[in-house]
Amino acid sequence: MIVIDWLAFVQVFVAAMTGAVLVVTFYSLGLRLLVRAGRAPVVAPAEFTDAITVITEKEARRAEKAAAKAAKRSPLTAGQKRVALIGGYGCFVVAGAAVLGGLLLILFNH
């Protein structure tokens, strides 16, 4: 007869949901703070063989120009931008620590 420990199942489910929410929340908050600090991440387009749409070099330059223009128009002072930048990096550290903590639990919790 198979016996299922439902309490352990619920514990794993709650831990997984909490971890996922933490990682997504802090990563998105970190990106938002980076944008507010005027450091919007611009990612070079990837070339896929069967991609539906591929951004051109001209569109990438236009996006970089728009990000630089938005950074100049930011209503934040230099100090506020610095705090937003530090907060953004802090959020990335928290998200990374949550991922690392989950991996350590998986690897060393025997």
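Within helix α1, W6 and F9 are placed three residues apart, about one turn of the helix, helices being DSSP runs of H or I with at least four residues, strands being runs of E with at least two, and both being numbered from the N terminus. The model is a predicted one, in which local features need pLDDT of at least 70 and side-chain atom pairs count only at pLDDT 80 or more, whereas totals for chains, interfaces and linings use all residues. Residues are numbered from 1 along each chain as its sequence is written, and side-chain values use heavy atoms, with hydrogens and water left out.

A search of the whole structure for aromatic pairs returns two, a pair being counted where the ring centres of Phe, Tyr or Trp (for Trp, the six-membered ring) lie within 6.5 Å, and being classed as stacked if the planes are under 30 degrees apart, as edge-to-face if over 60, and as tilted otherwise. A pair of aromatic rings is described by the distance of the centres and the angle of the planes. W6 and F9 make up an edge-to-face pair, with 5.7 Å from centre to centre and 80° between the planes. W6 has a relative accessible area of 54% and is therefore exposed, as is F9 at 51%, where exposed stands for over 50% relative accessible area, buried for under 20%, and partly exposed for values in between (1.4 Å probe, protein chains only).

In the pair formed by Y27 and F92, the ring centres are 5.3 Å apart and the planes stand at 55°, so the arrangement is tilted.

The chain contains three helices and zero strands, in the order α-α-α from the N terminus on. Helix α1 comprises 31 residues and spans 45 Å from its first C-alpha to its last, close to the 45 Å expected at 1.5 Å a residue, the expected span being 1.5 Å times one less than the number of residues. Just after α1, a positive phi of about 85° is found at G38.

Helix α3 also contains A84, which is buried, with a relative accessible area of 8%. When residues up to four places away in sequence are not counted, A84 touches L33 and A37, contact meaning heavy atoms within 4.5 Å. A84 and A37 are separated by 47 residues in sequence, yet their C-alpha atoms are 5.4 Å apart in space. Over the chain, 76% of the contacts with a separation of 6 or more are accounted for by residues 24 or more positions apart, while 10% of the 110 residues count as buried.

The largest pocket holds about 350 Å³ of space, a pocket being an open set of points on a 1 Å grid over the protein atoms alone where a 1.4 Å probe fits, with protein on both sides within 12 Å along at least five of seven lines. Its lining (residues with an atom within 4 Å of a point) consists of 13 residues, of which A15, A16, G102, L105 and I106 lie nearest the centre. The elements giving two or more residues to this lining are α1 (6–36) and α3 (78–108), and the largest share, seven residues, comes from α3.

Methods. Points joined across faces, edges and corners; volume = space filled by probe spheres on them.
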